[in-house]
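Thank you for coming; I would like to walk you through a few local features of one structure. Please have a look at the sequence and the model first.

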Amino acid sequence: MSDILIVDDERDIRELISEILEDEGFATRRAANSDDAMAEVNANPPALMILDIWLKDSKMDGIDILMTVKRSNPDIPIVIISGHGNVEIAVAAIKQGAYDFIEKPFNIDKLMVVISRAMEASKLRRENQALRKRDTTSAQMLGDSHAFRTMCAQLEKVTNSNARIMFTGPAGCGKEAAARFVHENSDRASGPFVCVSAAMIEPERMEDVLFGRESAERGVEQGLLEQAHGGVVYLDEVADMPMGTQSKILRVLVEQQFTRVGGSDKVRVDLRVMSATTQDLAERVREGLFRQELFDRLSVVPIAVPGLEERREDIPLLADHFLDDLHRTQGLAKRTLSEAARAHLQTMRWPGNIRQLRNMIERVMILGEAGRPIEIRDLQTDPAPGAEVEEAQVVLSGTLTTLPLREARELFEREYLLSQIKRFGGNISRTATFVGMERSALHRKLKSLGVNTAKLSEMKG
């Protein structure tokens, strides 16, 4: 959108306006009828149109062209010109979306003023729309574990390509943050990032939401794919997308265009598609619940996002970040984690991953005593009905007190060492250093306590 399209059936008028605009530094294109005009718009939408109302030997008049262009390209400002101007025509043009109406013979200075204002208004509108579309959610990536660094290395390789990415991983592990990181470090960073949550949209509304709708009562309503033009569309929980919608999304990926619900005109989009799932999509394909071709097109670059179980070393760093962020953004009293609490966080189970960790930190900051360090007791929660209770908590609160000293000591040592190994992601060397033992001595101790050291390697991230 960098030039002006002049549509007029009089050659002299087209050339005069073109020469005037080119003298002012604008690039121009010219069309003599509706077919030529629509061909130019479809090939490359102009920055602005100057459109004559009456067009000889043309299938559509200026008002028809105006309505057609506004349906597919609502951001293009259109200035109507006519030698048969009257109030009724002017009102009709403005109602259909024209920026202004100028009567022939026109004043050149007035024409230039109208064009300048129209293009400036269009620029401001696009910028405002872009700001509304772009979510300011931070794409900051934090971590130092092996699993985290491996993922980041993959992300950096795909930022400057246009390849489609499929993020996999457990709920709450940060798949959307990874997608935003790719977007913000790519050549599409200035474009929108539009998130589509397939699990949150009712199946019967999915196509309206994605493709938009046209109706006589409400006109054109843009869908999320159209809003993402020039940027990224992120399909979250793509496995929940209805089969009928899957086939239409596949067509969009192939053709880069679609038709709004209730409409007939093609809408062209320039998109990079990223998607995410917590499910096994290959299994969904085998079950006939997900289209093989769509799976192949979405999974050009598969990237696994690790959960906290695979990156326990990063938990204290993430917790500190949430403490600072909640203090800064929500005004919650500044608090710090005691060393015992930091270690305890690394031994806890996190089925909700990063999202669960953030929620816990927020709860502690809201309910806790301002200024006092966060201790282990602040992190304790009552298990939900039916929830699995940590084995160590059961042992230390009940069974331990009923055992003779030797058995109680062995049980305590076993649970203590397993907790530390879990804390350090299965790394025996780091565990031995922390507990103050030689690595070989730790192996012997674990063997004497009945711990299968061969299986501990499976815990490493």
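This is a predicted model: local features need pLDDT of at least 70, side-chain atom pairs count only at pLDDT 80 or more; totals for chains, interfaces and linings use all residues.

F412 is found in helix α18, which covers residues 405-423 (helices are DSSP runs of H or I with at least four residues, strands runs of E with at least two, both numbered from the N terminus). Residues are numbered from 1 along each chain as its sequence is written, and side-chain values use heavy atoms, with hydrogens and water left out.

F412 has a relative accessible area of 43% and is therefore partly exposed (buried means under 20%, exposed over 50%, partly exposed in between, with a 1.4 Å probe and protein chains only).

Let me turn to the aromatic pairs. How many aromatic pairs does the rule give? The count comes to three, where rings of Phe, Tyr and Trp (its six-membered ring) pair if their centres lie within 6.5 Å, and planes under 30 degrees apart count as stacked, over 60 as edge-to-face and the rest as tilted. F211 and F258 form a tilted pair, with 5.4 Å from centre to centre and 50° between the planes. Because F211 lies in helix α8 (residues 206-211) and F258 in strand β11 (residues 257-259), this pair ties together parts that are 47 residues apart in sequence. F211 counts as buried at 4% relative accessibility, and F258 is buried with a relative accessible area of 4%.
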